[in-house]
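The following exercises ask you to read a structure with care, and each is followed by a solution that goes step by step. Please keep the sequence and the coordinates open while you work.

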Amino acid sequence: MGSDTRPVRLGPSSLDLLPASVRRPNYDRTRLKPGILHLGVGAFHRCHQAEYTDDALEAAFGPWGIVGVNLRAPDLDPTLGAQGGLYCRELRDRGQTDRRLIGAMVDTISVPGRDQALHDATLKRALDTAGSAAIGVVTLTVTEKGYCHIPATGELDLDHPDIRHDIANPQAPVSVPGFVLRLLALRLDAGTPLPALISCDNVPDNGSTLRRSVLGLAARIDLALHDRVAGEAHFVNTMVDRIVPATRAEDIAAFASQTGVEDLGLVVGEPFRMWVLEDRFDRPLPAWDRAGALFVRDVAPYEILKMRVVNGIQSNLCQLGVLSGLEFMSDVMAEEGFAEFAERTITREVVPNLPPVAGVDVAAYVAETIRRLRNPALKHRTQQISTDGSQKIKQRLLEPLRAGLRAGTPCDGLLLGIAGWMQYASGRDSGGQRIEVNDPFAERTRAIGTASGGDAATLVDGMLEIDGIFGFDLRADAAIRARLADNVAKLQKEPALLVIRDFLASERG
């Protein structure tokens with residue numbers, strides 16, 4: 001392609017221009033009809049559940065086209081909408097790249113409009129689609145904060161502004177629980193069978209958490225509706241696993257340069273993937289099992305394994321990486337000390353307290369996780385992983401800490417990671433320079449950092465007072481407070497990388 005030639009945009013009319021090396025769907029996409037509505041069309045969904053659905057359609061074709069709905073930014077119209085729902089996914093592992101065209105998404109709807117009339121029209125379209133009997137499955141990847149719950153308890157946050165809005169305006173919801181409740185109300189009123197509600201977010205008991213949020217909202221709006229939803233709706237717990245960084249402009253440019261086709265829906269991920277679903281369905285589903293998904297009676301052991309090992313390492317290190325000035329997780333894992341710290345913490349402090357997981361060699365799983373996180377081809381920003389950390393820290397670090405305290409096993413590495421989150425959330429690095437904090441609690445945590453005046457103990461006490469994150473037990477433990485304060489004091493004096501190396505040296509004796 002000449003330097004002055006613009007690449008053609010990906011879409012139904014330009015598929016013949018894609019290189020033969022890009023794998024196409026092995027089914028007739030023109031026959032595909034909507035059957036799945038997905039809330040939260042981000043990179044993870046496009047690289048995980050949508051790919052599984054493409055595989056399922058190849059194994060057993062059926063009416064399982066995906067309608068992607070975004071209740072929040074980004075606007076899908078100029079990207080996936082302009083491409084007819086088509087996009088490519090690119091898997092990277094060191095020097096290897098695998099490209100594939102995903103065809104399962106047949107329509108997109110973006111609710112946030114430029115004006116109220118457009119917003120109302122797109123919301124109606126989304127709810128009309130969700131209310132259709134053709135939609136047999138509703139899946140979600142809306143991030144932890146999309147559930148509008150209190151992280152420490154898992155209950156609906158009745159003070160959340162979106163929830164207050166939806167209580168007052170149930171027919172025009174702005175929250176995810178409000179949208180789900182409204183689609184269920186529409187289908188119950190019409191006598192239409194309810195869809196399977198499948199959460200695919202990294203939230204503890206994700207389906208149960210969605211159920212609590214939806215029922216908590218229903219209880220404030222219509223008790224009769226609450227009782228019907230409680231008795232008739234199926235909220236499914238799942239575990240999902242694949243590392244999918246946010247797509248960068250450089251990724252899109254490289255794809256266009258190498259293929260001659262511009263794909264603004266491009267998504268980049270790793271080869272590894274896993275999906276475990278609770279086996280409690282009473283209606284047809286895509287053949288996800290034939291695509292490698294596991295249907296099990298109890299998802300919890302798989303979820304705990306993934307959250308405390310893969311996500312646990314990420315959350316234990318990402319803020320320490322930010323404090324060390326390291327941009328990508330692979331950079332963190334490449335630095336002397338960090339990978340050793342990660343493996344040591346998981347092996348000594350987390351694995352001994354994991355429940356048994358059928359069919360999984362935990363030691364091999366840990367080793368594979370370390371390898372995955374070291375993959376230099378994945379540009380997974382430490383700032384991206386740190387985003388909304390207050391919503392993640394309970395299941396990834398605090399629950400493993402509590403399990404260790406109950407069992408009497410070591411917890412020094414976990415405490416260092418938690419201290420890293422506290423220092424990061426204060427909005428200052430070890431040199432006192434401001435750092436970006438993207439978190440629902442950011443205003444409060446930065447204020448705590450400012451009020452502490454650089455005193456580590458005061459900072460720790462202030463953070464532990466946020467019961468929506470930490471609950472009440474840890475601040476009552478003087479020894480834990482002191483150990484956290486000692487770690488924060490170290491992180492305030494020197495870069496986290498040096499603190500990690502000192503920590504490992506002391507552990508070796």
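**Exercise 1. Find which exposed residues α16 carries on the face turned away from its buried side, and then describe the buried side itself.**

Solution. The face of α16 turned away from its buried side carries E443, T450 and A451, which are exposed. The model is a predicted one, in which local features need pLDDT of at least 70 and side-chain atom pairs count only at pLDDT 80 or more, while totals for chains, interfaces and linings use all residues. Residues are numbered from 1 along each chain as its sequence is written, and side-chain values use heavy atoms, with hydrogens and water left out.

Two terms are needed at once: buried means under 20% relative accessible area, exposed over 50%, and partly exposed in between, with a 1.4 Å probe and protein chains only; helices (H or I, at least four residues) and strands (E, at least two) are DSSP runs, numbered from the N terminus.

In the next step, the buried residues of α16, which runs over residues 442-452, are found to be A442, T445, I448, G449 and S452. Seen down the helix axis, these buried residues fall within an arc of 130°, so they line one face of α16; the arc is that of the directions from the helix axis to the C-beta atoms. The buried residues of α16 pack against α15 and α17 (456-464), where contact means heavy atoms within 4.5 Å. Just after α16, G453 takes a positive phi of about 60°.

**Exercise 2. Determine which residues of α4 are buried, and what they pack against.**

Solution. In α4 (residues 161-168), the buried residues are D162, I163 and D166. Their arc around the axis is only 95°, which puts them on the same side of α4. P161 and A168, on the other side of α4, are exposed. The packing partners of the buried residues are α5 (176-190) and α6.

**Exercise 3. Describe the second largest pocket, and then the setting of K394.**

Solution. A pocket is, on a 1 Å grid over the protein atoms alone, an open set of points where a 1.4 Å probe fits, with protein on both sides within 12 Å along at least five of seven lines, and lining residues have an atom within 4 Å of a point. The second largest pocket holds about 310 Å³ of space. Of the 19 residues that line the second largest pocket, P204, D205, E303, K394 and Q395 are the closest to its centre.

Turning to the elements, α6 (206-221), α9 and α14 (389-407) each supply at least two lining residues, and the largest share, five residues, comes from α9.

K394 itself is placed in helix α14 and is buried, with a relative accessible area of 18%. Leaving aside its neighbours within four places in sequence, K394 is in contact with P151, A152, E399 and P400.

**Exercise 4. Decide whether T143 and C148, which have positive phi values, are buried, partly exposed or exposed.**

Solution. T143, a residue other than glycine, has a positive phi near 65°, and C148, which is not a glycine either, has one of about 55°. T143 is placed in the loop between β7 (137-140) and α4, and C148 is placed in the loop between β7 and α4. At 36% relative accessibility T143 counts as partly exposed, whereas C148, at 4%, counts as buried.

How values were computed:
Points joined across faces, edges and corners; volume = space filled by probe spheres on them.
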